[in-house]
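This report looks at a ligand site and at a helix that contributes to it.

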Amino acid sequence: MVGGGIFKPGDTVRPMRSVIPSGVRPAAAARKQAPIVAENLLAVMDGRKMTAAYDGYGSCPLTVERGKIVLAEFGYGGKLLPTFPTWLIDGTKPSTLAWYLKAEALPPIYWHAMLKGREWLASPELKGEAA
Ligand SMILES: Cc1cc2nc3c(=O)[nH]c(=O)nc-3n(C[C@H](O)[C@H](O)[C@H](O)COP(=O)(O)OP(=O)(O)OC[C@H]3O[C@@H](n4cnc5c(N)ncnc54)[C@H](O)[C@@H]3O)c2cc1C
């Protein structure tokens, strides 16, 4: 919530304390923020405290050459927040598997799952108290 009872996820949010430059707003962040906003909005409507907190998650596929990207996933303070085990995809190194994930696997997942509201890996972390 940004004040005045306004909740906003996605590109309208200015990244705070993040390693993401302020002009860059990835869909990866919006994907994580949307269920947090939903959870906190429902909490406020029910008269409960907001407990879902955003860890600053963002993801940037950094193309370093044709066929290889660095799938950088990080949160506030540059903390690494990998989705996959590092033995599979190391988010600090270029890899061919990360390229295929980005180029081949993720587009149908975006269109047919995430954008239709189906998501299994973006549940918000619930805390005792959140701002
Ligand atoms: C070229 C490019 C490449 C990108 N690559 C990546 C990437 O690889 N990975 C990644 O994570 N992110 C990437 N992004 C960023 C990603 O697209 C955005 O972060 C994401 O789309 C933000 O989602 P959103 O729902 O906040 O906003 P949007 O997707 O912009 O949705 C806002 C919607 O509101 C509508 N709208 C605007 N004004 C009004 C109005 N007055 N009334 C009604 N509707 C309105 C718009 O038409 C739009 O549909 C890229 C962006 C660009 C431009």
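## The ligand shell

The shell around the ligand holds 5 nonpolar, 2 polar and 2 charged residues. Here Ala, Val, Leu, Ile, Met, Phe, Trp, Tyr, Cys and Pro count as nonpolar, Asp, Glu, Lys and Arg as charged, and the others, Gly among them, as polar. The model is predicted: local features need pLDDT of at least 70, side-chain atom pairs need pLDDT 80 or more, and totals for chains, interfaces and linings use all residues. Numbering runs from 1 along each chain as its sequence is written.

Surrounding the ligand are Gly 10, Asp 11, Arg 25, Pro 26, Ala 27, Ala 28, Ala 30, Ser 59 and Pro 61 (near means a C-beta atom, placed from the backbone, within 6 Å). Two elements give two or more residues each: α1 (27-45) and β2 (58-65). α1 provides the largest share, 3 residues. Helices (H or I, at least four residues) and strands (E, at least two) are DSSP runs, numbered from the N terminus.

## Helix α1

α1 has 19 residues and spans 27 Å from first C-alpha to last, close to the expected 27 Å (1.5 Å times one less than its number of residues). The helix bends by about 25 degrees at Gln 33, and Pro 35 follows within four residues. The bend is the angle between axes fitted to the seven residues ending there and the seven starting there. Gly 47 follows α1, with a positive phi near 75 degrees.

## Asn 40

Asn 40 lies in α1. It counts as buried because 22 C-beta neighbours lie inside 10 Å (buried needs 20 or more other C-beta atoms within 10 Å, exposed 12 or fewer, partly exposed in between; C-beta atoms are placed from the backbone). Asn 40 and Met 50 are 10 residues apart in sequence, yet 4.9 Å apart in space, C-alpha to C-alpha.
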